[in-house]
Amino acid sequence: MIKFSDKQLKIPQMQRPVFLVTGGMSKFGRAVPEKRTEELVIDAFVEAAEFIDKSSAELKEYIHSCYYGHFADHFGDQLLGEALIHDRLGLDPLGNVGIKTGGATGGSTLWEAFKAVASGYSDCVLAMGWERMDEVPTDEGNNYIASAADKDWETPLGHIYTGYYAVMAQKYWQVFGKEEESFRRTMAEIAVKNRGYARMNPHAQGPMKITVEDVMNSPVVAYPLRALDCCLMSVGAACAILCDEKTAYELTDNPLMIHVAAGSHTLRVADRRNMEIPLLPNESPDQYKDLGDRFPGGDRYPGFTGFLAARMAAYYCYRMAGVVDPTEDLDLVELHDAFTISDIQTYEDIGIRPYGEGRTYVESGDCYHTNPHTGKPGKLPSNLCGGLLGCMHAVGATGIMQTVEIGQHIWGRWAEMHEDQSKWDRFGRTKPADWTNLQVEGANRGLAISHAGVGSHVTATILVHPDHQLERN
Amino acid sequence: MSTAERGKVRVEKGRYRLDGKFHYGYPNDPIWNEDGKLMGVTNPRDVTHVHMYGGEAPFFEGLGKGKLLGTCCDNPDCEADGSIFIPFRIHCPDCLGKNTIVDMTDTARKGATVHTFMTTERTGAFNTLPKPIRFVNVEFEGVPTILMGYLSVGKPEIGMKVVPIFNTASPTYTILDLSWVPDGTNESEIPEGFTF
């Protein structure tokens, strides 16, 4: 049994509030042969500057330090790529550092940027993330990703990271999904929803108008996961500018408060020992006493079915932002839907639903922009950008892209950034005739989860409109 | 680069002794688009990395001898005192004391069950396992951790009793020297070179 000390469970207390001022992103694609990585990074930066009516040169004058998220040097065949990007952005002589935490790299980059402002080190920072996954064949890409598992104990086993995750999916499927056809359909519904939302996003690489049957008939990757249950492999960049309050209001009249927290767990799932479930503010100590009775095999926590890192990121971040019940207190979320089943697992880890009941978030229609059962707005829409299934997973950029997307909803500027025909044309993409505005009306608070592999690192980022802060609990 | 040319390493008096080729470069090729415009170049090369097992070496050497080794924290002041770790951990994750090596072979033969599994036809580059790959995550009685490996015979199921087999004939000294088969499997069914 693992126990945590009070010191380890201390809720972070920042020295001063931090604000998201702007953000931007490039086009995302499976391959972008016409552009070097620095061109994509500059595309993202220029979009961020234009979003607040600044030139790139004007915005750069405010930046004091830089945080660069780039998961895999191997993919780009360029060590210290961060230095190259920093140079191409013309940001010398500012201090900069590279951050890599697997799939959570984007979120971790925001975490570092957030702390730099909160501590007083910098008043304005750049968080930029990217990935270039198109310069090796897919099977070599899979080997590189598998190299992020334990190279002696896991990587030689098939050199396929999806497999290391699929054993967790299998356990959740059998214990909490009870191998029910209805659960399998709920998984498929997530793929249909997110790929469908991607159709409204000109940046998105994997838009698809598909049905549950299409997902359930797609090729098996590792049962119960099928091809359309799995996320994309991508190229692209995203960035965010974080500031202290004074600088934020110099740059814009509408900055958003940002909170970021992180959790971790063993790199190998094999090493996970039992522990009591750390409780979120909307859970009670007795809540899970009968979990093993209701779901035989589900009493081992976190075992192969829960992500402790996600639970701990939410544990810290909810209390930093005053969130008690995410479904009530938040207006939208962007979750790390690397696989449809891990999306369901995350609903439980971050308290949208109790452990064992994640599927009801989808089945209730709460996760939709418009609830398909009621025709009314979904209670907590998720992954309106298309998520990792439909938009992209350019690893170092993903967590930043999610956060920028949430910001655009809270700023009420989602349609402006997704509807413009010139952007669709510039990206060489066809805007669908049934393009729909997915702006969440009245959005004031949102959450992004950035997650690494089988759960070694997870970050939670909460954006809050300053006029709609919650009391810290 | 031929197998004979490929780099070999020995350690003598605490230093690496390298023989043969550890890297080999090839001429690059241009990449053109359909309009004859230069888009980039290929960068072909072979590289052999050198990797030390350190304190885990007994585990990987043990597999070739038909032994499954774990470790145990025996620090009486540590909360993990008595905990057995398999995967083998050199140091206790709680007190960071040096763990004691324990032979888990008999425990694995008597009481190993499949905690979870997956089957896939997909692999990454450099895979050497036959497809479909059947991963099994194996739990042992009294052990808090769950070891990942691969099943060589049969169809995996949660709760299935399995026993270890070892590549003792020509060990690779990697985790691939350990595999699992359903309890009751005949010797004639297991892969060539492996023994119970």
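Predicted model: local features only at pLDDT ≥ 70, side-chain atom pairs only at ≥ 80, totals over all residues.

Me: Which residues touch the most other members of the largest nonpolar core?
Reply: Those are L126(A), L242(A), L68(B) and W180(B), in a core of 193 residues. A nonpolar core here is a set of buried Ala, Val, Leu, Ile, Met, Phe, Trp, Tyr and Cys residues joined through side-chain atoms within 4.5 Å. Buried means under 20% relative accessible area, exposed over 50%, and partly exposed in between (1.4 Å probe, protein chains only).

Me: And which helix gives the most to this core?
Reply: Helix 12 of chain A, residues 308–321, with 12 residues. Helices (H or I, at least four residues) and strands (E, at least two) are DSSP runs, numbered from the N terminus.

Me: OK, sheets. What's the strand order in the open sheet of 9 strands in chain A?
Reply: The order is 3-2-4-7-1-8-11-10-9, with mixed pairing. Strand 3 (95–99) and strand 9 (332–334) are the edges, each pairing on one side only. From one strand to the next, the twist averages 25°. Two strands pair if DSSP finds at least two bridges between them.

Me: How many bridges link strand 2 and strand 3 of chain A?
Reply: 5 bridges, in the parallel sense, with strand 2 covering residues 65–70. G69(A), for instance, has I99(A) in strand 3 as its bridge partner.

Me: Which helix lies across strand 10 of chain A?
Reply: Helix 17 (residues 395–410) of chain A does, running at about 170° to strand 10. Axes are lines fitted to C-alpha atoms, for helices over the stretch in contact, and angles run from 0 to 180 degrees between N-to-C directions.

Me: How does helix 5 of chain A pack on helix 17 of chain A?
Reply: At an angle of about 65°, with the axes 5 Å apart. That makes helix 5 of chain A roughly perpendicular to helix 17 of chain A. The cut-offs are under 35 degrees for roughly parallel, over 145 for roughly antiparallel, 65 to 115 for roughly perpendicular, and oblique for the rest.

Me: Switching topic: where is I145(A)?
Reply: I145(A) sits in helix 6 (residues 138–146) of chain A. Leaving aside neighbours within four places in sequence, I145(A) contacts F75(A), M133(A), Y161(A) and M233(A).

Me: Now chain B. What domains is chain B divided into?
Reply: Domain 1 is 8–47 and domain 2 is 54–195, with bounds from an automatic or database domain assignment. Their centres, taken over C-alpha atoms, are 34 Å apart.

Me: Do strands 1 and 2 of chain B run parallel or antiparallel?
Reply: Antiparallel, with 5 bridges joining strand 1 (residues 8–12) to strand 2 (residues 15–19). K8(B) has D19(B) as its bridge partner. The hairpin has 2 residues between the strands, and K13(B) takes a positive phi near 50°.

Definitions and conventions: Residues numbered from 1 in each chain as written. Chains lettered and ligands numbered in written order. Heavy atoms only, no water. Contact = heavy atoms within 4.5 Å.
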